[in-house]
Amino acid sequence: MEVRVLAVPEALVTVRTVAGDLALRAEFPLDAVDDLRLAVDEACTCLAELARPGTKLTCTFVVDDERLSMTASVSTTGPTGLPTDTFAWRVLTVLADDVRVLSEAPTAPGEAHRLALRMTVRRPDTTRPDGIAPSRRPAPDAAAVASMHDRPGTSGP
């Protein structure tokens, strides 16, 4: 999936929301989803700070059985890299399993430089100590849901 937004802080919530939704649909545990959202936000914020005015931040997500990967990129005004001695970089490297900075020089005079950050988050191991994967939580039956509506002070599921 690819998402493009203006490289401004106000637009980054969209990318963070898409990342969280993809992880939830891929059945990542909730704490891993929260960590992913934070890592995506840090990555996109770092890139947005270096982006040319008016440029778009492009984020590509790939989800498979084992991981979720995101590559985010922006056009910059000149050859630049992401500083690796910042708090944001530390957050990224703690929350993501792999983080790489990629840059592309222009192919013709006057073209923009491209700076990208690729990060991968592996699905946490959810196998129980006995080696059996946990079963999905069963859906509540109709009687249980109906009884929730009958109790004072409750509004249902």
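Phe 28 touches Ala 23, Val 33, Arg 67, Leu 68, Val 121, Arg 122, Arg 123 and Pro 124, leaving aside residues up to four places away in sequence; touching, or contact, means heavy atoms within 4.5 Å. This is a predicted model, in which local features need pLDDT of at least 70 and side-chain atom pairs count only at pLDDT 80 or more, while totals for chains, interfaces and linings use all residues. Residues are numbered from 1 along each chain as its sequence is written, and side-chain values use heavy atoms, with hydrogens and water left out.

Let us stay with Phe 28 for a moment. You will find Phe 28 in the loop between α1 and α2. Is Phe 28 buried or exposed? Phe 28 counts as buried because its relative accessibility is 5%; buried means under 20% relative accessible area, exposed over 50%, and partly exposed in between, using a 1.4 Å probe and protein chains only. Phe 28 and Pro 124 are 96 residues apart along the chain, yet their C-alpha atoms are separated by 7.4 Å.

## The whole chain

Now step back. The protein chain has four helices and five strands. Here helices (H or I, at least four residues) and strands (E, at least two) are DSSP runs, numbered from the N terminus. If you read along the sequence, the pattern is β-α-α-β-β-α-β-β-α. Of the 157 residues in the protein chain, 35% are buried. Among contacts between residues at least 6 apart in sequence, 63% join residues at least 24 apart.

## The sheet

In what order do the five strands of the open sheet stand? The order is β1-β2-β3-β5-β4, with antiparallel pairing. In general, strands of a sheet pair through backbone hydrogen bonds, either parallel or antiparallel. In this report, two strands pair if DSSP finds at least two bridges between them. The edge strands are β1 (2-6) and β4 (98-104), and each of these pairs on one side only. On average, and ignoring direction, neighbouring strands of this sheet are turned by 15 degrees against each other.

| Strand pair | Bridges joining the pair |
|---|---|
| β1 and β2 | five bridges |
| β2 and β3 | six bridges |
| β3 and β5 | 10 bridges |
| β4 and β5 | seven bridges |

You can follow some bridges residue by residue. Between β2 (residues 56-63) and β3 (residues 67-76), Thr 58 has Ser 73 in β3 as its bridge partner, and Val 62 stands opposite Ser 69 in β3. A hairpin links β2 to β3 through three residues. Moving on to β5, Met 119 in that strand is the bridge partner of Met 70, and Leu 115 in β5 is the bridge partner of Ser 103. Strand β5 (residues 113-122) is mostly covered, with seven of its 10 residues buried.

## The helices

Next come the helices. Helices α1 and α2 pack at an angle of about 150 degrees, and their axes are 9 Å apart. Axes are lines fitted to C-alpha atoms, for helices over the stretch in contact, and angles run from 0 to 180 degrees between N-to-C directions. The crossing of α1 and α2 is right-handed; a crossing is right-handed if the near helix is turned clockwise from the far one by less than a right angle, and left-handed if anticlockwise.

Which residues of α1 meet α2? They are Leu 12, Val 15, Arg 16, Ala 19, Gly 20, Ala 23 and Leu 24, and their partners in α2 include Leu 30, Val 33, Leu 36 and Arg 37. By class, this contact of α1 with α2 has 11 nonpolar, two polar and three charged residues. Ala, Val, Leu, Ile, Met, Phe, Trp, Tyr, Cys and Pro count as nonpolar, Asp, Glu, Lys and Arg as charged, and the others, Gly among them, as polar.

Helix α2 (residues 30-50) also packs with helix α3 (residues 87-95), at an angle of about 145 degrees and with the axes 9 Å apart. Here α2 passes α3 in a left-handed crossing. Asp 35, Leu 38, Ala 39, Glu 42, Ala 43 and Cys 46 in α2 meet Ala 88, Val 91, Leu 92 and Leu 95 in α3. By class, the contact of α2 with α3 has eight nonpolar, no polar and two charged residues.
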